[in-house]
Amino acid sequence: MAATSSSEVLCTWLGHNAFSLDHDGYTVVIDPWLTSPKAAKGPEKIDAILVSHSHDESLGEAKDLAQKHNAKVYCVQELATQLKSDGLAADLVVDVNKGGTVAIGGGFRASLVHAVHSTTVGEAAGWVVSCQNGHAIYHTGDTDIFSDMKLISDVHKPDVALVCIGGRYTMGPAAAAHALNTLLPSVKIAVPMRFGSEELEGTPQELQALVTRREVNITRLEPGESFSLTGRSVKDLF
């Protein structure tokens, strides 16, 4: 992974729901399913792990990665309890609940927010990661569209959204576009995720065609590709 300047945050899609955020050598991974069929190679060093919910494709290899890298896992309370029961050391698990915000190191703060989805342990959620350079990144997790996305935009003011679009198990392009057009006015960059397999028919091209708010830039990445957020406001980049 490329080195970052002191004000730069590098966001890399690792495939499916998995992303890494790197700031000044400190790396956060979200939903670390790094053995998915189209996964990119994971970071050489991981400092913190955020998990949206307990389904295998989001929980991924969180336990093994935490032990390998001595990285803390941040997740909803019930899943934290399960991870400790499964043998992950208590000092590597941080429980959070919806509405809660925690400092996760590297100048990042992470807020657990609502999502509409099933799960096996606890509840499904999304994350808003606030960066020291002024950007805020909303990872929707697995979710359908819901009207309180507007509150996430109003309260946390994310300028970047990592948005599921595949359909079948989450919202598809039409619902994701509606969210970007009407519920997430703070968002200026939207990165599609959770698409590209046989059962997930939604495409970034469909999303692009349906987003009518001109200030939203649809940024399609291939697994392993990155984009950079500097200390400038996102609105100055386009």
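The largest cavity in this predicted model has a volume of about 30 Å³, and a search of the whole structure finds one cavity of 30 Å³ or more. Here a cavity is a set of points on a 1 Å grid over the protein atoms alone where a 1.4 Å probe fits but cannot get out, and lining residues have an atom within 4 Å of a point. The volume is the space filled by probe spheres set on the points, which are joined across faces, edges and corners.

Among the residues that line this cavity are Thr140, Met149, Val163 and Leu184. By class, the lining has seven nonpolar, one polar and no charged residues; Ala, Val, Leu and Met are among those that count as nonpolar. Helix H5 (residues 173-183) gives the largest share, three residues.

Now for the sheet. Seven strands form an open, mixed sheet in the order S7-S8-S9-S10-S11-S12-S13. Helices (H or I, at least four residues) and strands (E, at least two) are DSSP runs, and two strands pair if DSSP finds at least two bridges between them. S7 and S13 each have a single partner strand, so one side of each is left without a neighbour in the sheet. S11 and S12 pair in the parallel sense over five bridges, with Leu162 opposite Val191 in S12.

| Strand | Residues |
|---|---|
| S7 | 101-105 |
| S11 | 160-164 |
| S12 | 189-193 |
| S13 | 217-218 |

Residues are numbered from 1 along each chain as its sequence is written. In this predicted model, local features need pLDDT of at least 70, side-chain atom pairs count only at pLDDT 80 or more, and totals for chains, interfaces and linings use all residues, while side-chain values use heavy atoms, leaving out hydrogens and water.

Conventions
1 Å grid on protein atoms, 1.4 Å probe; cavity = no way out; pocket = protein on both sides within 12 Å on 5 of 7 lines; lining within 4 Å.
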